Amino acid sequence: MDREPKAGLELDSLVRRIRYNYPYPSVIDQREIQRLHNACLRYPYSCLIAIVIDAFIGLDSSPRIADLTYGVGSFYTVFRKYIGYLAGIDVKKWDWLVEPDTFLQGFFESRYRELPEKSFDVVVFDPPFETRPTSKIHVDQKPWLYHRVEPVGRMIKELPKVLEHLMKPRGIFVAKIMDPTMDGAVALESSHYALVETLASAGYRLAEHIIFRHLSRNRPRIETQRFIKSHTHLLVFTR
């Protein structure tokens, strides 16, 4: 992999520190990320995404990124200048922190074909929480796949054909999934398993599983609220 910057694109101190500290990311602590650079104090997730993209693609290659659940664009705050082209899809147009080059409003399953075919180095997916079974599915058959009901199940089911359209042959797909606590106990998010099963059956390989541990003054702990973020899993897939 060519890791030299393109002409006219100088690597800043953040990217130099990323390459020195995380050549092969695996388990990362939030406080560790925040000590990396001042920009990571406020936007640790953006630094985490930057670490992943630089490890697999190279930030200095001006990667083209399609985000299927764009939100406010906070993933891209610390490395926007390195992105060659940024496309976002979301059901709502939020007050952006980072404005994409192209934005399509709606569910990505119905809008993705409006983006150029096989032209993205990175496709990003940050699904909403959906962890409780409902009567819409026979949970006794595959209880860890009970979230196949709307909407997350529909999203995951559509991903293979979305990636087939958007991703370059050597591109990566990055999915961010959080572990919640439910009813006073830590719960493994069922989306992990559904995502891996769905993409593996479509010919994609889980190339990396990065665990990002959240820390705050009162964590780690168990609470009675439905969702308390404790770990984030970044699943990186290649063809």
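In strand 5 (residues 120-125), the bridge partner of Asp-67 is Val-124. The model is predicted: local features need pLDDT of at least 70, side-chain atom pairs count only at pLDDT 80 or more, and totals for chains, interfaces and linings use all residues. Residues are numbered from 1 along each chain as its sequence is written, and side-chain values use heavy atoms, with hydrogens and water left out.

**Strand pairing**

- Strands pair if DSSP finds at least two bridges between them.
- Helices (H or I, at least four residues) and strands (E, at least two) are DSSP runs, numbered from the N terminus.
- Strand 3 is also joined to strand 4 (residues 102-105) by four bridges, and these two run parallel. Ile-89 stands opposite Leu-104 in strand 4.
- Strand 2 and strand 5 run parallel as well, joined by three bridges.

**Burial of the strands**

- Buried means under 20% relative accessible area, exposed over 50%, and partly exposed in between (1.4 Å probe, protein chains only).
- Accessible areas come from the Shrake-Rupley method with a 1.4 Å probe; for residues, only the protein chains shown count as cover.
- Both faces of strand 3 are covered. One side carries Tyr-85, Ala-87 and Ile-89; the other carries Leu-86, Gly-88 and Asp-90.
- Strand 5 is largely enclosed by the rest of the structure, because six of its six residues are buried.

**Whole chain**

- The protein chain has seven helices and ten strands.
- It holds 239 residues, and 51% of them count as buried.
- Its accessible surface is about 11900 Å², with 51% belonging to carbon and sulfur atoms.
- Among contacts with a separation of 6 or more, 66% join residues 24 or more positions apart. Contact means heavy atoms within 4.5 Å.

**Second largest pocket**

- Rolling a probe the size of a water molecule over the atoms shows where empty space is left.
- The second largest pocket holds about 220 Å³ of space. A pocket is an open set of points on a 1 Å grid over the protein atoms alone, where a 1.4 Å probe fits, with protein on both sides within 12 Å along at least five of seven lines.
- Grid points are joined across faces, edges and corners, and the volume is the space filled by probe spheres set on the points.
- The lining comprises 16 residues. Lining residues have an atom within 4 Å of a point.
- Tyr-70, Ser-74, Phe-75, Asp-126 and Lys-176 lie nearest the centre of this pocket.
- Helix 4 (residues 44-56) gives the largest share of the lining, three residues.
- By class, the lining has six nonpolar, five polar and five charged residues. Ala, Val, Leu, Ile, Met, Phe, Trp, Tyr, Cys and Pro count as nonpolar, Asp, Glu, Lys and Arg as charged, and the others, Gly among them, as polar.

- Glu-32 is found in helix 2 (30-34). It is partly exposed, at 34% relative accessibility.
- Glu-32 and Pro-44 are twelve residues apart in sequence, with 9.5 Å between their C-alpha atoms.
- Leu-36 sits in the loop between helix 2 and helix 3 (38-42). Its relative accessible area is 7%, so Leu-36 counts as buried.
- Arg-17 is 19 residues from Leu-36 along the chain, yet their C-alpha atoms are separated by 6.9 Å.

- Most residues other than glycine have a negative phi.
- Ser-62 has a positive phi of about 50° although it is not a glycine. Ser-62 lies in the loop between helix 4 and strand 2 and is partly exposed, at 27% relative accessible area.
- Lys-118 also has a positive phi of about 50°. Its place is the loop between helix 5 (108-111) and strand 5, where Lys-118 is partly exposed at 35%.
- His-165 belongs to helix 6 (residues 152-166). With 10% relative accessibility, His-165 counts as buried.
- Leaving out residues up to four places away in sequence, His-165 touches Tyr-112, Arg-113, Leu-115, Pro-116, Glu-117 and Lys-118.
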